[in-house]
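Open the model in your viewer and keep the sequence panel beside it. The tour goes stop by stop.

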Amino acid sequence: MAVLPSSSSSPSFTLRLGEPADFDAYMDAFEAVAAEGRWMGAEAPIDREARRPGFDKAVAADGAVLYLADAGGEIVGSVHASLARGVVDIGMFVADGYRGGGIGSALLEAVIDWARRNHAHKISLAAWPTNHAAIGLYARYGFRVEGTRRRQHRRRNGALWDSVVMGLVLDEETPGGPGPMKPPRPSIVLPDGRITDPGGSGIVLRPWRRADGPAIVRLVDDPEIRRWITILPNPYSAADADEFIAGTRVALTAGEGVPLAIVHGRDLVGAVDLRLANQHNGDIGYWVAAAARGRGVASTATRLLSDFGFEALGLRRVELNAAVGNIASRRAAEKAGFELEGVRRSWQLVDGVPADFAIYSRIANSP
């Protein structure tokens, strides 16, 4: 079937089943993506002969399938799926220069249709936590984060990488067991991809991007931030920033929280995070860059994100905890409409010393 990508600058492509004669062209594309070292488990150089049996099985339709995206005779994307005991495992790639043009969506739709036709009850996959685009694509088609395999995959250089496990359940009717099933949380999607301030402050809350990494490293290298957020690695590296950004994408996709960047104009000026304890309650935290303090950034961001929690997520209560000695953070909480409830004595360490924390809360429908 012919498919036109969404980007007018990208060439058209055809989605078709793989054939035995495609092996060399397929492996050329596969190895090119593997050589990037960022998207797939396989690493270049590839042992082609070791992969030949799997390719032959897929194109022979022996409990497996291989769809190819063909752009003018060039293989530019692929999805491979295998079925066992009702579960389809998939692996997908799109070649550099063709991403963002609809190929991934077309491949995913084709393999979901194939899984349904073959009476699968679930589709399963794994992605690197830093592959934000892939995680976001899968989430849009209903895949949910099921967990993270910590330090699961040893790379050739000896590094141990995490992987995010995602699944799409196709059969919601058959009884499960043993024991009650925990209902999945829906992914969290921002309206228009961001939250803006109707009050005209110019503050915008948006998802974190990979390009934010260098700014994060620069901004958190601040004694005042480190004083109150003691869990920050020291020194804070580019790898730390990348892991943080990946974690924010996973949290949104898994429906576990709403960690967002605070932006004013083109400048990244801080972070705010609404963590969901359950379907009714959440807690919020923030930090603001030194150059942006004293301008109402923290209070505006906290108010906007707690409003989102009440209106879009149906929360009843949002809690905020600030060290008793962190006067600036406590003022921001109060300006955002949070009310003081009490003090948690010796609740967390600050500079290695047990510190008291003030408990604030904001309730749905409160001013």
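**Stop 1**

Select Arg85. At a relative accessible area of 83%, Arg85 is exposed, because the cut-off is over 50%. Bear in mind that this is a predicted model. Arg85 sits in the loop between S4 and S5. Check its backbone: phi is positive, about 55 degrees, although Arg85 is not a glycine.

**Stop 2: another positive phi**

Go to strand S15, residues 339-350, and pick Ser346. Ser346 is not a glycine, yet its phi is positive at about 50 degrees. Its relative accessibility is 49%, so Ser346 counts as partly exposed.

**Stop 3: the second largest pocket**

Show the second largest pocket, with a volume of about 1,200 Å³. Which residues are closest to its centre? Select Trp39, Gly91, Met92, Phe93 and Tyr138, out of 46 lining residues. Now colour the elements that give two or more residues to this lining, among them helix H1 (23-36), strand S5 (87-94) and helix H4 (132-140). S5 gives the most, with six residues. By class, the lining has 27 nonpolar, 14 polar and five charged residues.

**Stop 4: cis peptide bonds**

Select Ala44 and Pro45. The peptide bond from Ala44 to Pro45 is cis, with omega near -5 degrees. Pro45 is in the loop between H1 and H2.

Then move to Asn234 and Pro235. The bond from Asn234 to Pro235 is cis too, with omega near 5 degrees. Look for Pro235 in the loop between helix H6 (223-228) and helix H7 (238-254).

Technical notes. Residues are numbered from 1 along each chain as its sequence is written. This is a predicted model: local features need pLDDT of at least 70, side-chain atom pairs count only at pLDDT 80 or more; totals for chains, interfaces and linings use all residues. Side-chain values use heavy atoms; hydrogens and water are left out. On a 1 Å grid over the protein atoms alone, a cavity is a set of points where a 1.4 Å probe fits but cannot get out, and a pocket is an open set with protein on both sides within 12 Å along at least five of seven lines; lining residues have an atom within 4 Å of a point. Grid points are joined across faces, edges and corners, and a volume is the space filled by probe spheres set on the points. Helices (H or I, at least four residues) and strands (E, at least two) are DSSP runs, numbered from the N terminus. Ala, Val, Leu, Ile, Met, Phe, Trp, Tyr, Cys and Pro count as nonpolar, Asp, Glu, Lys and Arg as charged, and the others, Gly among them, as polar. Buried means under 20% relative accessible area, exposed over 50%, partly exposed in between (1.4 Å probe, protein chains only).
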